[in-house]
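Visitor: Hi! Could you walk me through this one?
Guide: Happy to. Let's bring it up first.

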Amino acid sequence: MERLQKVIANYGYTSRRNAEKLITDGRVKVNGIKVTLLGTKVSGTDIITIDDVVINKEEKKVYYLLNKPREVICSASDDKGRKTVVDIINSEYRIYPVGRLDYDTTGLIILTNDGELANYLMHPKNEVKKTYLAKIEGLLSKDDIVSLKKGIVIDGRKVDTSNFKIKSKNIEKNTSLVEITIVEGRNHIVRNIFASLHHDVIKLTRTHYAFLDIHNLKSGEYRLLTLKEIKRLYSI
Ligand code: URA
């Protein structure tokens with residue numbers, strides 16, 4: 001049970017102080033009965049109305065899969081006015097990205113208004129696999145390969161980097177294309193892994209997130225997840 005003014009404020013309807021005024025002005029009803037007493041407690045199943053409009057209706061949950069282009073920021077808004085992943089998706093719901101890709105990283109990202117699923121997928125214990133294709137400066141040496149197989153310590157914590165594959169090498173340009181699958185979700189993790197081996201990442205794209213892949217989505221394109229995919233994400 002929570003105080004009515006707090007519940008109204010938590011729904012994002014207005015500030016707690018304004019909510020108090022709405023209550024004392026007699027504009028708030030709980031289960032159809034006018035409540036003017038500040039501090040009245042309500043539960044999650046109580047229907048709250050302001051001027052007879054329900055404010056705590058369950059919002060429909062939506063799930064999008066986006067192939068994020070470069071130079072787009074992974075957040076709901078940006079104080080520097082840069083384009084965000086949310087700007088790309090035409091949705092009437094208040095969605096946000098599940099985790100982050102760097103401004104210059106491209107590839108798969110899920111956006112949703114389902115906080116429960118978002119937290120579930122981001123929780124380290126659920127070990128959601130993410131696959132990246134990294135174009136790196138230079139060629140991986142034997143020592144680099146041994147280090148990747150053993151795991152790399154980043155900021156005092158070891159990352160399992162053993163699941164990697166050198167896809168191609170460009171001797172002339174001195175670059176390599178490496179695919180790496182990790183469960184880590186820390187910011188800049190792939191760039192930091194290769195930086196620790198003294199290879200800059202020139203280009204980075206996420207090709208897989210759990211069982212989802214980038215196929216059929218061009219840069220900037222997105223689609224809704226199917227019910228089957230949503231259920232599968234919940235059962236990871
Ligand atoms: N690792 C990075 O370094 N950058 C990303 O955007 C994602 C993973």
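Guide: One term before we start: contact here means heavy atoms within 4.5 Å. Also, this is a predicted model.

Visitor: Good. With that in mind, what is leucine 111 in contact with, leaving aside its neighbours within four places in sequence?
Guide: Leucine 111 touches Val62, Tyr63, Tyr64 and Leu66, along with Val85, Val86 and Ile89, and also Ile95, Tyr96 and Pro97.

Visitor: Which residues have the most contacts inside the largest nonpolar core?
Guide: Leu111 is one of them, together with Val190 and Phe194, and this core has 33 residues. At least two residues come from each of several elements, including E7, E9, helix H3 (85-88) and strand E10 (130-137). Strand E14 (175-182) and strand E15 (201-209) are also among those contributors.

Visitor: And which element gives the most to this core?
Guide: That is H6, with 4 residues.

Visitor: What about a second core?
Guide: There is a separate one of 16 residues, and Leu65, Ile110, Leu117 and Ala118 are among them.

Visitor: Let's switch to strand E7. How many of its residues are buried?
Guide: In strand E7 (residues 63-68), 6 of the 6 residues are buried, so the strand is largely enclosed by the rest of the structure.

Visitor: Which residues sit on each side of E7?
Guide: Tyr63, Leu65 and Asn67 are on one side, with Tyr64, Leu66 and Lys68 on the other, and both faces are covered.

Visitor: How many bridges join E7 to strand E9?
Guide: There are 6 bridges between E7 and strand E9 (residues 106-112), and the two run antiparallel. Within E9, glycine 107 stands opposite lysine 68.

Visitor: And to strand E17, how many?
Guide: E7 is joined to strand E17 (residues 222-224) by 3 bridges, again in an antiparallel arrangement. Tyrosine 222 in E17 is the bridge partner of leucine 66.

Visitor: New topic: in what order do the 4 strands of the open sheet come?
Guide: The order is E3-E2-E5-E6, with antiparallel pairing. Strand E3 (33-34) and strand E6 (53-54) are the edge strands, each pairing on one side only.

Visitor: How many bridges are there between E2 and E3?
Guide: Strand E2 (residues 28-30) and E3 pair over 2 bridges in the antiparallel sense. For valine 30, the bridge partner in E3 is isoleucine 33.

Methods. Residues are numbered from 1 along each chain as its sequence is written. This is a predicted model: local features need pLDDT of at least 70, side-chain atom pairs count only at pLDDT 80 or more; totals for chains, interfaces and linings use all residues. Side-chain values use heavy atoms; hydrogens and water are left out. Buried means under 20% relative accessible area, exposed over 50%, partly exposed in between (1.4 Å probe, protein chains only). Two strands pair if DSSP finds at least two bridges between them. A nonpolar core is a set of buried Ala, Val, Leu, Ile, Met, Phe, Trp, Tyr and Cys residues joined through side-chain atoms within 4.5 Å.
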